[in-house]
Amino acid sequence: MPATENFGGPHEPGQEPLRISATRLPLDRIADPGIAHVLGLWNDRRGGNAMPPRGALKPEELAQVLGKVNLLTVLRDPLRFVFRLRGSVIANMHDRDLTGRDVGEMQPPEYRDMLIRHYTEAVERIEPILYRIDQARGRHDATYRRIILPLGTPEGTVEMLLTVSAWDADFPRRNANLGFKNR
């Protein structure tokens, strides 16, 4: 049974708290064709290594998911994650392009904390990680799936993370109802 983590915390006065749960999903039953396609490319490009090198996946190969892709640079001492590329579909949905920004600056804090936890896990495990993310605030909710794929050196140093997200057609509207716009 997949393990589920819950994230939540303080919220703005007069606003209901954002509740987030993240359930790790198996990689052998990926329902989304875009995520499955990118995982297949990732596996092909890594060869006998733990992960492929940065730059091994070309934008033209990611055309079907490019707007739902994030590419993050992994910095160390302390461990941090900076958006190198923010997919246009994701940026438009949130009315904000975070390219060049540190994940530690993201709001709301419970969402930021979840991302840092998941990105850290991908760096430590040096393997793809797929999550179903369930978000709720009051009577509004939204669900999406996200895979995190490490990229780096043959020696096992993760230099970048590639994420691909997938959701149903009504997700952008449902997500906006959670208060993510203009943050």
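Trainee: Which residue of β5 stands opposite Thr-23?

Mentor: Arg-132 stands opposite Thr-23. Bear in mind that this is a predicted model.

Trainee: And what makes β2 and β5 a pair?

Mentor: Two strands count as paired if at least two bridges are found between them. Seven bridges join β2 to β5, so the pair meets that cut-off. The two strands run antiparallel.

Trainee: What does Arg-132 partner in β6?

Mentor: Arg-145 is the bridge partner of Arg-132 there. β5 and β6 are also a pair, because nine bridges link them and two would do.

Trainee: What is the strand order in the whole sheet?

Mentor: The order is β1-β2-β5-β6-β7-β3-β4, seven strands in an open sheet with antiparallel pairing. What makes β1 (4-7) and β4 (80-86) edge strands is that each pairs on one side only. From one strand to the next, the twist averages 25°.

Trainee: How many bridges does β1 make with β2?

Mentor: Four, in the antiparallel sense, with β2 covering residues 19-25. Phe-7, for instance, has Ile-20 in β2 as its bridge partner.

Trainee: Which strands does helix α1 touch?

Mentor: Helix α1 (residues 33-46) packs on the sheet and touches β5 (129-137), β6 (140-152) and β7 (158-166). Its direction makes about 10° with that of β6. Helix α3 (residues 109-125) packs on the sheet too, touching β1, β2, β3 (69-75), β4, β5, β6 and β7. For α3, the angle with the direction of β6 is about 30°.

Trainee: How many helices and strands does the chain have, and in what order do they run?

Mentor: There are four helices and seven strands. From the N terminus on, they go β-β-α-β-β-α-α-β-β-β-α.

Trainee: What is Leu-161 in contact with, beyond its sequence neighbours?

Mentor: Setting aside those within four places in sequence, its contacts include Leu-71, Phe-81, Tyr-119, Val-123 and Ile-148.

Trainee: Which residues lie nearest the centre of the largest pocket?

Mentor: Leu-57, Pro-59, Leu-62, Leu-71 and Leu-162, from a lining of 14 residues. β3 and β7 are the elements that give two or more residues to that lining. The space in the pocket is about 190 Å³.

Trainee: How do you know that the bond from Asp-77 to Pro-78 is cis?

Mentor: Its omega is near 0°. Pro-78 is in the loop between β3 and β4. The bond joining Gln-107 and Pro-108 is cis as well, with omega about 0°, and Pro-108 lies in the loop between α2 (88-93) and α3.

Trainee: What makes the phi of Asp-77 stand out?

Mentor: Phi is near 60° there, a positive value in a residue other than glycine. Most residues other than glycine have a negative phi, and most peptide bonds are trans.

Trainee: Why is Asp-77 called exposed?

Mentor: Because its relative accessible area is 76%, and exposed means over 50%.

Trainee: Why does Ile-126 count as partly exposed, then?

Mentor: Its relative accessibility is 22%. Buried would need under 20% and exposed over 50%, so the value falls in between. Ile-126 is in the loop between α3 and β5, and has a positive phi of about 50° although it is not a glycine.

Technical notes: Residues numbered from 1 in each chain as written. Predicted model: local features only at pLDDT ≥ 70, side-chain atom pairs only at ≥ 80, totals over all residues. Heavy atoms only, no water. Axes fitted to C-alpha atoms, helices over the stretch in contact; angles between N-to-C directions. Contact = heavy atoms within 4.5 Å. 1 Å grid on protein atoms, 1.4 Å probe; cavity = no way out; pocket = protein on both sides within 12 Å on 5 of 7 lines; lining within 4 Å. Points joined across faces, edges and corners; volume = space filled by probe spheres on them. Buried < 20%, exposed > 50% of the residue type's maximum accessible area, 1.4 Å probe, protein only.
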